[in-house]
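Work through the exercises below with the sequence and the coordinates at hand. Each task is followed by a solution that goes step by step.

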Amino acid sequence: MANRQLLFIRNVFLFTFTAFGGAQAHISLLLKYFVKDLQFISEEELLELNALAQVLPGPASTQTLVGIAHKVGGLKLALLSFLIWIIPSAAIMTFAGISFAQLDQKEQFVVILKYIQPIALGIVAFGAYNLSRKVLVSQTAVFLAVAAVIVTLVLRNAYVFPLAILVGGMISSALETPKEETEIRTKLFANINPKKLSYYLGVLLVMAALGGIINRTSPFSLPIRLFENFYRNGILIFGGGQVLVPLMFTEFVQMKHYLSSSGFLSGFALQQALPGPTFSFTSYLGTLSMKNFGYGIYGQILGGIIGVIGINLPGLILVLFIVPFWEDLKKITRIKHSLSGISAVSVGFIIAAFILLAKPIGFDPMEISIIIITFLILNFTRISPPFIVLAGILLGYFI
């Protein structure tokens, strides 16, 4: 068991340092590292956890990884995986916020990493192909997947994700006649502690109250207000990084003037060139906010920590609260029969993500070739994504 957990931690490191392309590519990498390579969980379990993360507010990739880790090794492995996943990119973004004046070099990063996007698209295609073969085995599943693709492409709204998953689950559940499972439900709801739910909102209320009470000239005022800002947004954000950016820009730049528009966009450009969670962008925002209000380097580092912990904490609490009794939850007939529809909608999201991510590439022969080669390598060889990513970086550097 210990060796299995060490292998799991090794794969978390590999995932962390190769997770380019945002949440859409991350699900394909999770499939590669935690299903295909060593079968830590099944494809069905991965899709269920990813769908659960899509319904919950917060960072979907982070919640899915934490859920996998909890199933494999419990709470300690889940928390360790969470820290391994968020620390590298958060540390880089904190350093970037401290040395903002040197961000003029970001164009060099963009040039060197120009082939990372087609590689990420090849990874997305690999995930979509493999999951489609497993999940789209009925007319209903195909219909739900196609509907999810169309709705995603037409509406492009963050709330499409949780709503489509709920509707897909309801449709597939309605095809079966549900039975009552009184004993299972009694056991399930007995495990729900109302105090844990009160802690979830209590943190927000306490920090908001402290932010209002403490004098604005106090050195503790801004850190407390920042934590409340990030924690509140962590509760409200559905749909991942693509929703995080406009919300953060509106609050931090336009409303509260914690940092400038150019500072915000420069940090976001750098974040796009890094592997790992998009939510680590908040480390940069927290660092630069503290810097712009006259805090020294230790205060800026504190701002980086506040940013990444504040934005991730609500989603982390929710997924750790639900995953321990997820197996009991699945035994309820309505939920059990909803899982096939949920999985089909999830596959539709991945296909839609591939289409949206491929649009900027257009008909560039070089990048299309890289997408196809990446897909073929992953599908027909045992070469790991880190080597493909490294090859892409070298290609961008020398060409």
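**Exercise 1. Locate Gly341, decide whether Gly341 is buried or exposed, and list what Gly341 touches.**

Step 1. Gly341 is found in helix α17, which covers residues 333-358; helices here are DSSP runs of H or I with at least four residues, strands are runs of E with at least two, and both are numbered from the N terminus. The model is a predicted one, in which local features need pLDDT of at least 70 and side-chain atom pairs count only at pLDDT 80 or more, while totals for chains, interfaces and linings use all residues. Residues are numbered from 1 along each chain as its sequence is written, and side-chain values use heavy atoms, with hydrogens and water left out.

Step 2. Gly341 has a relative accessible area of 1% and is therefore buried, given that buried means under 20% relative accessible area, exposed over 50%, and partly exposed in between, with a 1.4 Å probe and protein chains only.

Step 3. Not counting residues up to four places away in sequence, Gly341 touches Leu144, Gly168, Gly169 and Ser172, where contact means heavy atoms within 4.5 Å. Gly341 and Leu166 are 175 residues apart in sequence, and their C-alpha atoms are 8.9 Å apart in space.

**Exercise 2. Describe the surroundings of Asn229, including its polar contacts with the side chains of Glu251 and Lys256.**

Step 1. Asn229 belongs to helix α11, which spans residues 221-236 and also holds Glu228. Asn229 counts as buried because its relative accessible area is 1%, and Glu228 counts as buried at 13% relative accessibility.

Step 2. Leaving aside neighbours within four places in sequence, Asn229 is in contact with Glu251, Phe252, Lys256 and Tyr258.

Step 3. The side chain of Asn229 makes a polar contact of 3.3 Å with the side chain of Glu251, and one of 3.3 Å with the side chain of Lys256. A polar contact is a pair of N or O atoms within 3.5 Å; within protein, one must be able to donate a hydrogen and the other to accept it, and residues adjacent in sequence count only if both atoms are side-chain atoms. The side chains of Glu228 and Asn229 are joined by a polar contact of 2.9 Å.

Step 4. From C-alpha to C-alpha, Asn229 lies 9.0 Å from Gly307, although 78 residues separate the two in sequence.

**Exercise 3. Characterise how helix α4 packs with helix α14, and how helix α6 packs with helix α19.**

Step 1. Two packed helices are described by the angle between their axes and the distance between the axes. Axes are lines fitted to C-alpha atoms, for helices over the stretch in contact, and angles run from 0 to 180 degrees between N-to-C directions.

Step 2. Helix α4 (residues 60-98) and helix α14 (residues 281-292) have axes 7 Å apart at an angle of about 30°, and are therefore roughly parallel to each other. Angles under 35 degrees count as roughly parallel, over 145 as roughly antiparallel, 65 to 115 as roughly perpendicular and the rest as oblique.

Step 3. The residues that meet are Ala90, Met93, Thr94, Ala96, Gly97 and Ile98 in α4, and Phe281, Ser283, Tyr284, Thr287, Leu288 and Lys291 in α14. Sorted by class, this contact of α4 with α14 has 7 nonpolar, 4 polar and 1 charged residues; Ala, Val, Leu, Ile, Met, Phe, Trp, Tyr, Cys and Pro count as nonpolar, Asp, Glu, Lys and Arg as charged, and the others, Gly among them, as polar.

Step 4. For helix α6 (residues 116-135) and helix α19 (residues 385-398), the axes come within 9 Å and cross at roughly 155°, which makes α6 roughly antiparallel to α19. Ile116, Ile119 and Ile123 in α6 meet Pro385, Ile388, Val389, Gly392 and Ile393 in α19. By class, the contact of α6 with α19 has 7 nonpolar, 1 polar and no charged residues.
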